[in-house]
Each structure stands twice: as structure tokens, then as C-alpha cells.
Amino acid sequence: MVAGILHVQICCSHFSMDTFQGPLLREQIDSGKDLDFFRHQLATSLNIDSNWMTHWFHGGLQFQIEHHLFPRLPRHSLKYVKPMVMKFC
């Protein structure tokens, strides 16, 4: 059961990038241009909007960008980093 939930979360956060980010970003990534660490993480992951009822379902991984930028940060703290990441972007 847990593996199924995690599978849905990973599919939503990673495999839908072309749909949400568009072909121009994909061309930039595929062109071989070196992206710095932050731009690479922003270009290859996306957050999922959720409400208080679905926070448990996602287990903190709805903050996929923050998770990739700060992989050692505990999941319960990712929501506090999101405003800083948005300001930086």
C-alpha cells in the first residue's frame, strides 16, 4: 500500500515535467547547457498543490523542489523553506 502511494507521488512530481514546464525548458536541458545546481533542481522537479487533507498522503513530498534543494531537511520542515525558495526564484 505504501509503495503504491509513493509511486503516485513520484509520478506526479517527476514524470509530468514536460507537461507543466513546457518544451522550451526541455530543449534547454537537452541542449547540454550546464545548469547550476539550483536551476537543475528547479528544472527537473515540481511541487504539488495540496490541502490539509492530502498533506498526510504526500508525506511532505508535495514540496518536491524544496526536497531536492535540501535533501537532508526533515520533511515536516519543507513547508517552512518554500517561501524562501519562492523569493529566491
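1. Overall make-up. Helices (H or I, at least four residues) and strands (E, at least two) are DSSP runs, numbered from the N terminus.

2. What kind of model. This is a predicted model, where local features need pLDDT of at least 70, side-chain atom pairs count only at pLDDT 80 or more, and totals for chains, interfaces and linings use all residues. Residues are numbered from 1 along each chain as its sequence is written, and side-chain values use heavy atoms, with hydrogens and water left out.

3. Burial and surface. The chain has 89 residues, and 30% of them count as buried. Buried means under 20% relative accessible area, exposed over 50%, and partly exposed in between (1.4 Å probe, protein chains only). The accessible surface is about 6,500 Å². Carbon and sulfur atoms hold 65% of that surface. Areas come from the Shrake-Rupley method with a 1.4 Å probe; for residues, only the protein chains shown count as cover.

4. Contacts along the chain. Take the contacts with a separation of 6 or more: 45% of them join residues 24 or more positions apart. Contact means heavy atoms within 4.5 Å.

5. N47. This residue sits in the loop between α4 (37-44) and α5 (55-58). N47 has a relative accessible area of 19%, so it counts as buried. Its side chain reaches the backbone nitrogen of Q64 at 2.8 Å. Leaving aside residues up to four places away in sequence, N47 touches Q62, F63, Q64, I65, E66 and K82.

6. R75. Look in the loop between α6 (64-69) and α7 (78-88). R75 is partly exposed, at 45% relative accessible area. R75 and G60 lie 15 residues apart in sequence, yet their C-alpha atoms are 5.0 Å apart. Beyond residues up to four places away in sequence, R75 touches G59, G60 and L61.

7. A nonpolar patch. F37, F38 and F88 form it on the surface, with about 350 Å² of accessible area together. Patch residues have over 30% relative accessible area and no salt bridge; like charges are joined within 9 Å, nonpolar side chains (Val, Leu, Ile, Met, Phe, Trp, Tyr) within 5 Å. A salt bridge is a side-chain nitrogen of Lys or Arg within 4 Å of a carboxyl oxygen of Asp or Glu. F88 belongs to helix α7 and is exposed, at 61% relative accessibility.

Methods:
Polar contact = N/O pair within 3.5 Å; in protein donor to acceptor, adjacent residues only side chain to side chain.
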